[in-house]
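Here is a short report on a protein model, written for reading beside the structure.

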Amino acid sequence: NMQHSHSPSILTMATIESTAAAAPAIPAAVSEESPFPSKKRSAESPASPPMTLAAAKKALSALKLPSCPKSASEYVRFKAILLKDAKARDDKDTKDNITKIAKEAWKKVQYRSVPSPDDEVDTNTDDDLQRYLRLKGVMQKEQQEIRAKFDTEAKAYAASYVTAASSLLQWCLIEVTEENQQPLVEACKLVSSKSVSSFDFRAHGVDDAPLNNALRDTRDQLAEFKKMKSERALVTKLQNATEEELKLHAKEHIRLLAQAAELNKLKKTKQIEDERQRQTDERELARADGIQGDITRALNKQMKYGSLTNKHSSTRISYTKGGISDKVFAKAFGVPVGTKKATIEGSEVGEKWLRYGASLKCSTVNVKLVGDELVAQTSFYMDK
């Protein structure tokens, strides 16, 4: 899942870079009388970054971004496999009528289990159906391989990116001076170029706290340099100001102090309101933990043999629940806030065994959020 981000946001990266751009390096020659002497920033922690500066820069420059699997329905993937098979067999009829034949074939195999290689061939099943089932198995295997490949790439990317990016920023922070901010700015650009939007590091077993801390320190340091430059400019301006200009400055200063006091008041009020909202959100989000369980239990209860119109068909079942916000939906299904659709594997609903080895199984559950109402729909069928 590349959603539900603990990743450094592109906005954060852009903010850091714009802060640096607004505070360009100042000339090295600074008067000894300057009230703001420029000093190299000392490391705040005795622990060194996990990688050397050169190794971090090299690793980050060479880092390959994981390629996210293309989203496609099972039918679309099955159709592609069917067409590939038809070309290999030079089956002109299937090639020329691929959409029609694919729809008919998928209808036959959609709710059928793919036989394992050890299963005996069902002599009651026609050759086309056996081939369609085999191709469905090929489709499922390919999808599993693609997903496994992405998971492997994503895990390797997550570990390398956090270690290399945080190390690079930490070293640049140790070495940065007000006169020479460029290496830190360039490091920010490199870190940003290797960032994947909405990537969930923790979902791949990687703690991104070191990187988030390094990004915060970088933003704070560049902002501090910008502040120092502004203060230095103000001191120079006042040193050369006339008496009248100094009086005007004093009046403006008093006005700004009053404004700052008012802003602090508003800030404290907002902090109290934000804390209340946070507590409200926490109580609301706590509901998300049980939503998938509510859905699967409700659907499982509806899986009854007597509800099937016949043993070769599927029967639709559904579940609705009101009062669900975008945030609750996002947390319940591990998707970005604002996403309106999600799925639950049919196996999560459970299987009900019947006589003679048959059982009732459920297809993939499609879940959507309509307004504040959650709607879950699926079908169940008999599997022999």
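A disulfide is counted when a pair of cysteine sulfur atoms lies within 2.5 Å. This is a predicted model: local features need pLDDT of at least 70, side-chain atom pairs count only at pLDDT 80 or more, and totals for chains, interfaces and linings use all residues. Residues are numbered from 1 along each chain as its sequence is written, and side-chain values use heavy atoms, with hydrogens and water left out.

**Cysteines**

A search of the whole structure finds 0 disulfides. Cys-172 is in none; its nearest cysteine sulfur, that of Cys-188, is 8.0 Å away.

Buried means under 20%, exposed over 50%, and partly exposed in between, with a 1.4 Å probe and protein chains only.

| Residue | Relative accessible area | Class |
|---|---|---|
| Cys-172 | 10% | buried |
| Cys-188 | 3% | buried |
| Arg-131 | 14% | buried |
| Thr-339 | 24% | partly exposed |
| Asp-90 | 56% | exposed |

**Overall build**

The protein has 12 helices and 6 strands. Helices (H or I, at least four residues) and strands (E, at least two) are DSSP runs, numbered from the N terminus. Buried residues make up 33% of the 384 residues. Contact means heavy atoms within 4.5 Å. Of the contacts with a separation of 6 or more, 75% join residues 24 or more positions apart.

**Helix H7**

Helix H7 spans residues 182-193 and has 12 residues. From first C-alpha to last, H7 reaches 17 Å, close to the 16 Å expected at 1.5 Å a residue. The expected span is 1.5 Å times one less than the number of residues. The buried residues of H7 are Leu-184, Val-185, Ala-187, Cys-188, Leu-190, Val-191 and Ser-192. An α-helix has 3.6 residues a turn, so residues three or four places apart point the same way.

**The largest pocket**

A pocket is an open set of points on a 1 Å grid over the protein atoms alone, where a 1.4 Å probe fits, with protein on both sides within 12 Å along at least five of seven lines; lining residues have an atom within 4 Å of a point. The largest pocket has a volume of about 1900 Å³. That volume is the space filled by probe spheres set on the points, which are joined across faces, edges and corners.

The lining holds 47 residues, and Glu-74, Arg-77, Thr-343, Glu-345 and Thr-364 lie nearest the centre. Helices H3 (74-89), H6 (127-175) and H12 (346-349) are among the elements that each supply at least two lining residues. So are strands E2 (341-344), E4 (359-362) and E6 (373-383). H6 gives the largest share, 7 residues.

The lining divides into 15 nonpolar, 21 polar and 11 charged residues. Here Ala, Val, Leu, Ile, Met, Phe, Trp, Tyr, Cys and Pro count as nonpolar, Asp, Glu, Lys and Arg as charged, and the others, Gly among them, as polar.

**Single residues**

Arg-131 is found in helix H6. Not counting residues up to four places away in sequence, Arg-131 touches Leu-82, Asp-85 and Arg-89.

Asp-90 lies in the loop between H3 and helix H4 (92-96). Its phi is near 55 degrees, a positive value in a residue other than glycine. Most residues other than glycine have a negative phi.

Thr-339 sits in the loop between helix H11 (326-333) and E2. The C-alpha atoms of Thr-339 and Leu-369 are separated by 8.4 Å, though these residues are 30 apart along the chain.
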